[in-house]
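Let's take a walk through this model together, from the overall chain down to a few single residues. Have the structure open beside you as you read.

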Amino acid sequence: MKSSWSWIPTLYFAEGLPYVLVMTVSVVMYKNLGLSNTDIAYYTSWLYLPWVIKPIWSPFVDLIKTKRWWIITTQFLIGAGMAGIAFSLPAPLFFQASLAFFWLMAFSSATHDIAADGFYMIALPESEQSLFVGIRSVFYKIATIFGQGLLVFLAGILIEKGLGVTNAWQIIFFATAALFVLIALWHKFVLPKPANDSNKSIQKFGDLFYTFFTKKGIWLALAFILLYRLGESQLAKIASPFLLDDRAVGGLGVNTSMVGVLYGTVGVLALLVGGILGGWLASRNGLKYWLWPMIIFMNVPNVVYVYLALCQPENIYIIGSCIALEQFGYGVGFTAFMLYLIYVSQGPYQTAHYALCTGFMALGMMLPGMAAGWVQENITSLVSTHLASLGNYTLFFIWVCLCTIPGFIIAAFLKIPEEFGRK
């Protein structure tokens, strides 16, 4: 029997990397290539769609072939998508062509998530699943640091060395394509072949949806899931463009390589620490006890971006500290969110209902994110002359802070048992 250590770390690294390339690195690349914030936010937010609708086609991953086959096939497709992006960048219609390949990556990655998470549960004995749940999370985060940290940093270095923006990003995507092909080949040989990796039944498919949408309080729960990150969903799309934009237009003028260090490394590490702390706190007193403090942790640190936009500090340590504080708070607050998804999913179809919850979670990031760029670029025309003098970015980040209010309001009506989440 193959060691679980030979495939779980690489499997979850492979799950995390394409997601961060599609959702975060694409934003930095398109900003480098001169696209407007409106176009970047709108079109890259559409890429959430495969994760929104993946619960609909997840049963067919069971129906057609095996999960092992889906893992290896989608990894090759993801590698092909990365290579396609690299080939398309010098083309006249590079934006349309590269977006098409990002769509290929997004659908392949969402399908890979379904197969990988299902495979994990059937290929590992229960006694090992709890041990490796932390390991898989760590390697998912390593993929995040690798993608929005190291790769963005390397792209920035190549640009600074005079290779040009297009050539720099071509090299990055050709390299990641080669890496993904190697990962797919590795998994072809090391993934185990569990005997029960062939569930051909989709019985009670309709019942999954019926029991979900008839849960007590489900509509209030869905409103919370959709609106809890209303501010963060917009901030996430504009944070990197804000860091990269010239000071003359309200940005911070940080170069690409430093964005990779600050947002993709320091920020992600702070996010990881916040998540660990949030999990520890929740296990001591339960979700209900920590819900309000975690909502505050999630939303209040957004004000650091108002400060950054208003004061435009040049000290890189101040900028980095602000990013770390916001991401740390997000990590703590996101723990409450994920625990609430688990709470809503309880019942006979817990796995399927959790997938539905994560689909709505992705929808809550997708829809506001689509409008974030337009709001940022046009907000001064929507307010009084006096307020307009604050500038687009400052007003946008104030708007982000105001968008956290619905989450606070809905949280006041949630019913959560005292003991839920407590160790």
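Of the 423 residues of the protein chain, 53% count as buried, where buried means under 20% relative accessible area, exposed over 50% and partly exposed in between, for a 1.4 Å probe and protein chains only. A word on ground rules: this is a predicted model, in which local features need pLDDT of at least 70 and side-chain atom pairs count only at pLDDT 80 or more, while totals for chains, interfaces and linings use all residues. Residues are numbered from 1 along each chain as its sequence is written, and side-chain values use heavy atoms, with hydrogens and water left out.

The chain's secondary structure comes to 18 helices and 0 strands; these are DSSP runs (helices H or I, at least four residues; strands E, at least two), numbered from the N terminus. Along its principal axes, the C-alpha trace spans about 65 × 50 × 35 Å.

Now find two of the helices, α11 (residues 256-285) and α14 (residues 316-345). Two packed helices are described by the angle between their axes and the distance between the axes. Here the axes come within 6 Å and cross at roughly 35°; axes are lines fitted to C-alpha atoms, for helices over the stretch in contact, and angles run from 0 to 180 degrees between N-to-C directions. By class, the contact of α11 with α14 has 17 nonpolar, 9 polar and no charged residues. In this scheme Ala, Val, Leu, Ile, Met, Phe, Trp, Tyr, Cys and Pro count as nonpolar, Asp, Glu, Lys and Arg as charged, and the others, Gly among them, as polar.

Gly 275 sits in helix α11. Is Gly 275 buried or partly exposed? With a relative accessible area of 27%, Gly 275 is partly exposed. Between Gly 275 and Tyr 330 there are 8.1 Å in space, C-alpha to C-alpha, and 55 residues in sequence.

Most residues other than glycine have a negative phi. Gln 312, however, has a positive phi, near 45°. Gln 312 counts as partly exposed because its relative accessibility is 23%.
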